[in-house]
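The following exercises examine how parts of a structure meet. Please study the sequence and the model before reading each solution.

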Amino acid sequence: MADAALDGGKKSDAFVISRAKLRRQRIAKFLGEGFLLAIASFVAIIVLFIFYFVAVDAIPFFQQRGFAEFFTSTSWYPADEPGEFGALAIIFGSAMVTIGSALIAVPLGISAAICLSDVLPFSVRQYAKPVIEMLAAIPSVAYGFFALVILAPLLQNHGGPILMWAWWLIAGPFVLLLVVVAGDLLASAVGGESESDVLRNVFTAVLGVVAVLFLYWVGKTLFAIQILTGTNALNVSLILSFMALPTIVSVSEDSLQAVGRELREGSYALGATRAETIVKTVLPAASSGIIAAVILGIMRALGETMVVWMASGNSSHIPDPWFNYLDSIRTLTATIAGDMGEADQVTGSARYHVLFAMGLLLLCFSFVGNFISERIVVRQRKILAGE
Amino acid sequence: MNIGTRKILDRSFTAVGLTSILLMALALLVVVVPIVSGGIGAIFFKGTIEHRKLQLREFDNGNREVLDRQIAESEPYRQEVFRMLDAFAAELETFEPTRKREYSSKVSSVKDIVSHLLGPVPGEPEPILLRFQYGTTRWEKAEESLHDLMFVTKWDTSNPEEMGKQYFVPRVDEFAGTSLAALFPYIEENLEKMLLPEQTFYWGFLTERSLDAHIFGGVWAEIQGTLFLAIGAMLFAFPMGVIAAIYFTEYARENVFTSILRSANSTLAGVPSIVFGLFGLAFFINTIKVSDSKSVLAGSLTLAIMILPTIIRAAEEAILSVPKTYKEASIGLGSTKWRTIVTVILPAALPGIITGGIISLGRAAGETAPIIFTAAVSVGATIGLGDVLTSPTPALSWNIYNLASEHEAANEIRHVQYGMVLALISIVLLLNLSAILLRARISKKLKG
């Protein structure tokens, strides 16, 4: 009993726990844990604060101008009196570069992740990882500088040849591969069970000629294109895809690793090749994690500021035709960064608050994207653990 | 499907994977190599005598006697140029009015280029802006100016279907038959003797202040500002992140509250960087007023909340990777939980935690968007350590943007921009490289 110990307090109390000491310990423990908890919940408080303070400055804009103009009009003249605040073209620009970068980064990122997790031996992987980390570590302003000073003049002066070579190098191998596969499938469809090599070769040769003509024709068309300005959506999409790649690669690689050996070995045992194993077994099992990776990568591209500010041309209009990636565009992030300098002096005006409205829009997108990807990852982990 | 086709498919699948890895490596090279080679040009270049004059007068660097001798050496050639210009000015007076007007505008552009090359023409009033007080300091720029002097750039817009084509006309043709025609071959031949280029190792680019809005001088103010901001952010974020990680790994129970905290962490990690800037402006500056306007403090705080999630995650991972036996042994010896954490777990996890910290430091140094509204100014001197609470600072990341996109002479000072990008990339990549090496050592150690 603690009371007894208290009575015998004359003895050395090193081994005896007095009530007071016990209380002190408890209080210390309580305070200590409370302190840790307070620090840990600080992150949640910051998130709430960010939403609150961005929203508080965004709401006056919608009160003054309503929702309709912001989301449906394309005339963006915030400096005029009275100003016009149609952000549709800007939202469209953001969507355009995000989709453009995803089109480049997603196939590239997923195949790189597959290569890292299933193809490369461990010793090579160790050298590939730092490359990806370096790509992620380069500051966005350095990418922006590269896009503006090196890539943009190159696109402007040699746009046609660059597009043509990119087409040949990227589409060429794929189209030829398609020819081989299609020839094989056609031959087995026509010849039935008795697969004859002659038939297959004939089909492949015919398709090959068609494919080369097609490649040549598109290449020639691309060669003739003159890019009027190097600071355009294509330039930005390309650079943003570099920046989204590391996220996509590392998150999808994690989820590919999580699939485990058993599934792969089962597939190999049934006689599947490595490609078939990955495409038909591993990818479906890892699909949700890969979707999460793609969402995170897209969020990175959507939220990026410096590259688009420096190299997108900053012209607020919807390109004509709307999928023309060789035109200048303007994005939400670049508008916030670029207009705040002038809007800052007129705190309280619609011109100032509209930038917070854009910030709120970005914040909501990133929140939803993050939430979805996190749910997906948690679910995948549960499913894989359950099996 | 035919076995052969399946094999081809399998091989090409592997090839696609390898190609994508190679493409990423190539992308890294394509971005980094031109920046490194351009950036080295800011420090290691062929400097003219004007560069040495500037260094001696503005920064007191270099050898006065050698410079005086070189000035004496180059002066006769320069005097000859100025004499020709004077002679032509006298000749101009004898021309009839229409011809005189035509030639005087032509000669004034010649004079502009000459003073750009050699510094102010004697007899003209001393220019106020520093950029006009010296000639061209870099030899490759001098060669460009020489080309401008020798040729007039014209545009062929005869074909309205195509973009205009550039072509050059020798400038000497414009002055055919006058005394100035002799000037052009003379300058072309003797430019090297007038400017005396020599290989220069301009270490001061990293340690000296800038002059006349980065037309001359170095980038120390920006480097210092970047260091202040990044280190300031670490001072706030590092202790906080480590404490939060201790809570998450050692104390948090698996309940709804903890999972909310964890989602908050990943939400914060996903917030676009420009929104951090908006928040920093709205909260730190406009609401709680940590400073009257932009300041290093406000910028550091904004950067700190941006890198906090990264630090928490890295620290959590490091703490979780400490073998359980360490903890059990310590508890078994009778120490309390807190004592175990402080004396056993944290020291073992420290290298991992520091790795995460270093990577976050690099991220804080490289970010631009959060500091645009909270800390960065485009022109400014170095600030003292005492001013960090109240005054804004130039920073590498912001000034790269500013010099490349908004500077009035952006094309003239590409070498400064390259130098800044190289300085920033070196800081960030060196930090990352040391983190990678540190991590490799840790994993070796854990393997035993």
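A polar contact is a pair of N or O atoms within 3.5 Å; within protein, one atom must be able to donate a hydrogen and the other to accept it. The model treated here is predicted.

**Exercise 1.** Describe the contact between chain B and chain A.

*Solution.* 
Step 1. Chain B contributes 84 residues and chain A contributes 85 residues.
Step 2. About 7,300 Å² is buried between the two chains, and carbon and sulfur atoms give 80% of this area. On the side of chain B, Phe13(B), Met24(B) and Leu278(B) lose the most area to chain A, together 9% of what that side buries.
Step 3. Between the chains, 11 residue pairs are in polar contact, both residues at pLDDT 80 or more. Helix 1 of chain B (residues 3–43) supplies the largest share of the side of chain B that touches chain A, namely 23 residues. That side divides into 58 nonpolar, 20 polar and 6 charged residues.
Step 4. The salt bridges between the chains number 2. One salt bridge joins the side chains of Arg6(B) and Glu276(A), at 2.9 Å from N to O.

**Exercise 2.** Describe how domain 1 and domain 2 of chain B meet.

*Solution.* 
Step 1. Domain 1 spans 47–200 and domain 2 spans 220–447. Their centres, taken over C-alpha atoms, are 50 Å apart.
Step 2. In the contact, 4 residues of domain 1 face 4 residues of domain 2.
Step 3. The two domains bury about 360 Å² between them, 40% of it on carbon and sulfur atoms. Within domain 1, Arg131(B), Arg138(B) and Lys141(B) lose the most area to domain 2, together 86% of what that side buries.

Note on methods. Residues are numbered from 1 along each chain as its sequence is written. Chains are lettered from A and ligands numbered from 1 in the order in which they are written. This is a predicted model: local features need pLDDT of at least 70, side-chain atom pairs count only at pLDDT 80 or more; totals for chains, interfaces and linings use all residues. Side-chain values use heavy atoms; hydrogens and water are left out. Contact means heavy atoms within 4.5 Å. Buried area is the accessible area (1.4 Å probe) that two parts lose on being put together, summed over both. A salt bridge is a side-chain nitrogen of Lys or Arg within 4 Å of a carboxyl oxygen of Asp or Glu. A polar contact is a pair of N or O atoms within 3.5 Å; within protein, one must be able to donate a hydrogen and the other to accept it, and residues adjacent in sequence count only if both atoms are side-chain atoms. Helices (H or I, at least four residues) and strands (E, at least two) are DSSP runs, numbered from the N terminus. Ala, Val, Leu, Ile, Met, Phe, Trp, Tyr, Cys and Pro count as nonpolar, Asp, Glu, Lys and Arg as charged, and the others, Gly among them, as polar. Domain bounds come from an automatic or database domain assignment.
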